[in-house]
Amino acid sequence: MASRRKMKPSRIPLMADNKGPEPETVVTYELGGRVYALVTSERLSVIFIFDVTNPRRPKFINYATNTPFDLTYLEQIARGTSGDMDPEGLVAANGKVYVSGSVSGTVSTYSFDCK
C-alpha cells in the first residue's frame with residue numbers, strides 16, 4: 001500500500017510476521033455528496049480513506065496516522081508517543097473521525113475534510 005513505502009519496515013510495530021496490514025474496521029461516511037470508506041489497518045496503525053461514491057471504481061484518497069514510525073514500538077511506549085496503536089474502534093460523524101487504539105489505550109479525533 002502507498003503508506004508502507006514511507007515507513008521503514010524495521011520500525012513498523014507489530015509487523016513481526018507476514019500477516020500483512022490486517023484491515024480491522026470499515027466505516028462508510030457521506031460528506032459533501034460523496035461517500036467515503038474509512039478503513040483501519042491493525043498492523044500499520046493507519047486509517048485509509050477511499051472515495052466509494054462509485055463502488056465499481058473506488059479511489060484511494062489519503063491515509064492518516066498519529067503513530068510516529070521513526071521510533072520502535074518500545075521507544076514509543078517509553079516516550080508516551082505511541083499514537084493510536086492497533087486502531088479498532090472507528091466512528092465518523094459531523095466531519096470528525098474518532099478512533100480508538102486497543103494497544104495504546106487511546107482515543108483520538110481527526111478532522112475529515114475531503115474536497
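Predicted model: local features only at pLDDT ≥ 70, side-chain atom pairs only at ≥ 80, totals over all residues.
Reader: What makes up the fold, from the N terminus on?

Author: The protein has one helix and seven strands. Their order from the N terminus is β-β-β-β-α-β-β-β.

Reader: What makes strand 1 and strand 4 the edges of their sheet?

Author: Start with the sheet itself: it is open, has four strands in the order 1-2-3-4, and the pairing is antiparallel. Strand 1 and strand 4 each have a single partner strand, so one side of each has no neighbour in the sheet. On average, neighbouring strands here are turned by 25° against each other, direction ignored.

Reader: How do you know that strand 3 and strand 4 pair?

Author: Pairing asks for at least two bridges between the strands. Five bridges join strand 3 to strand 4, and the two run antiparallel, so they count as a pair. Within this pairing, Phe50 has Phe60 in strand 4 as its bridge partner.

Reader: Why is the pair of Phe50 and Phe60 called edge-to-face?

Author: Two rings pair if their centres lie within 6.5 Å, and planes over 60 degrees apart count as edge-to-face. For Phe50 and Phe60 the centres are 5.6 Å apart and the planes stand at 65°, so the pair is edge-to-face. Phe50 sits in strand 3 and Phe60 in strand 4, ten residues apart.

Reader: And why is the pair of Phe48 and Phe60 called tilted?

Author: Stacked planes are under 30 degrees apart and edge-to-face planes over 60, with the rest being tilted. Phe48 and Phe60 have 55° between their planes, with 6.3 Å from centre to centre, so this pair falls in the tilted group. Here too the partners come from distant parts of the chain, with Phe48 in strand 3 and Phe60 in strand 4 (residues 59-64), twelve residues apart.

Reader: How many aromatic pairs are there, and which residues form the aromatic cluster?

Author: The structure holds three aromatic pairs. One cluster is formed by Phe48, Phe50, Phe60 and Tyr63.

Reader: How do you know whether Phe48, Phe50 and Phe60 are buried or partly exposed?

Author: Buried means under 20% relative accessible area, and exposed means over 50%, with partly exposed in between. Phe48 has 3%, so it is buried.

Reader: Why is Ser41 called buried, and which residues is it in contact with?

Author: Ser41 lies in strand 2. Its relative accessibility is 2%, so it counts as buried. Leaving aside neighbours within four places in sequence, Ser41 is in contact with Pro21, Glu22, Pro23, Val46, Phe48 and Pro87.

Reader: What makes a group of residues a nonpolar core, and which residues form the largest one?

Author: The members must be buried residues of the listed nonpolar kinds, joined through side-chain atoms within 4.5 Å. The largest core has eleven such residues: Val27, Tyr29, Tyr36, Leu38, Ile47, Ile49, Leu90, Ala92, Val97, Val99 and Tyr110. Two or more of them come from each of strand 1 (23-31), strand 2 (34-41), strand 3 (46-51), strand 5 (87-93) and strand 6 (96-101). In soluble globular proteins, nonpolar side chains tend to be buried together.

Reader: What do the totals for the protein come to?

Author: Buried residues are 40% of the 115 in the protein. The accessible surface is about 6,800 Å², and carbon and sulfur atoms account for 51% of that surface.

Key. Residues numbered from 1 in each chain as written. Heavy atoms only, no water. Buried < 20%, exposed > 50% of the residue type's maximum accessible area, 1.4 Å probe, protein only. Phe/Tyr/Trp six-rings, centres within 6.5 Å; stacked < 30°, edge-to-face > 60°. Contact = heavy atoms within 4.5 Å. Areas by Shrake-Rupley, 256 points an atom, 1.4 Å probe, with all protein chains shown as cover. Axes fitted to C-alpha atoms, helices over the stretch in contact; angles between N-to-C directions.
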